[in-house]
Amino acid sequence: MALPRSMLKYARLGTPHVIMLIGAPAAGKSSWILENNQDHTIISTDDLIDAWASKMGLTYSEAWKQGDLKEFERQAKASFHEALAADKNIIIDRTNMSKKIRRKFLVHVPKYYMIYGIVFKADREELDRRLLLRPGKYIPPYVMDDMLNRYEEPTEDEFDKIFV
């Protein structure tokens with residue numbers, strides 16, 4: 001995939017890259033992927049939960065409660081390491097709200113990769129409106145509050161380039 005135009009000037013020709021999406025649930029991360037992905041490996045625990053939910057005839061929220069979340073995390077990390085080993089371009093589609101959470105993935109990225117962060121921001125009213133458009137995927141307000149309160153702006157020491 002050609003990187004979005006705003007990223008092109010930062011890419012080194014032929015260099016694999018990781019794009020880490022950063023933002024609250026319903027901030028637009030997965031929608032961005034639908035518009036911009038052509039050949040990246042997508043790392044998303046939500047996709048794994050959705051797939052399992054579909055297989056089991058459950059909603060996302062039901063699967064979240066009944067599924068083995070540690071197993072979904074293990075699968076996501078295994079896919080990430082497989083993609084790195086094959087020098088694939090990767091998009092990490094998770095909330096990635098804190099530096100500690102981001103580091104769990106970024107510490108494994110080889111030095112020759114380019115690492116981009118894309119921050120998705122929306123005010124609480126807009127997030128709540130978008131969440132209502134996602135039937136079967138309920139996030140309690142206290143969980144959303146906790147995520148938003150733990151948000152840490154990404155820094156240049158984490159990424160080659162940050163896009164907001």
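Colleague: What is the strand order of the open sheet?

Modeller: In this predicted model, the open sheet has 5 strands in the order 2-3-1-4-5, and the pairing is parallel. Neighbouring strands are turned by 20 degrees against each other on average, with direction ignored.

Colleague: What makes strand 2 and strand 5 edge strands?

Modeller: Strand 2 (41-43) and strand 5 (161-163) each have a single partner strand, so one side of each has no neighbour in the sheet.

Colleague: How do you know that strand 1 and strand 3 are paired?

Modeller: Pairing requires at least two bridges between the strands. Strand 1 (residues 17-22) and strand 3 (residues 90-93) are joined by 4 bridges and run parallel, so the pair meets the criterion. As one example, Met20 has Ile92 of strand 3 as its bridge partner.

Colleague: Which residues of helix 3 and helix 5 meet?

Modeller: Thr45, Leu48, Ile49 and Trp52 of helix 3 meet Leu69, Phe72, Glu73, Gln75 and Ala76 of helix 5. By class, this contact has 6 nonpolar residues, 2 polar and 1 charged.

Colleague: What makes the Arg74 and Glu71 pair a salt bridge?

Modeller: The cut-off is 4 Å between the side-chain nitrogen and the carboxyl oxygen. For Arg74 and Glu71 the N to O distance is 2.8 Å, so the pair qualifies. Both residues lie in helix 5 (residues 69-85), 3 residues apart, about one turn of the helix. The search of the whole structure finds 11 salt bridges.

Colleague: Why are helix 7 and helix 8 described as oblique?

Modeller: The axes of helix 7 (residues 124-132) and helix 8 (residues 141-150) come within 12 Å and cross at roughly 135 degrees. Roughly antiparallel would need an angle over 145, and roughly perpendicular ends at 115. Helix 7 and helix 8 are therefore classed as oblique to each other. Helix 7 passes helix 8 in a right-handed crossing.

Colleague: Which residues make the contact of helix 7 with helix 8?

Modeller: Helix 7 contributes Arg124, Leu127 and Leu131, and helix 8 contributes Pro141, Met144, Asp145 and Leu148. This contact has 5 nonpolar and 2 charged residues, and no polar residues.

Methods. Residues numbered from 1 in each chain as written. Predicted model: local features only at pLDDT ≥ 70, side-chain atom pairs only at ≥ 80, totals over all residues. Heavy atoms only, no water. Axes fitted to C-alpha atoms, helices over the stretch in contact; angles between N-to-C directions. Helix = DSSP H or I, 4+ residues; strand = E, 2+ residues; numbered from the N terminus. Parallel < 35°, antiparallel > 145°, perpendicular 65-115°, else oblique. Left-handed = near helix turned anticlockwise from the far one by under 90°. Contact = heavy atoms within 4.5 Å. Nonpolar A, V, L, I, M, F, W, Y, C, P; charged D, E, K, R; others polar.
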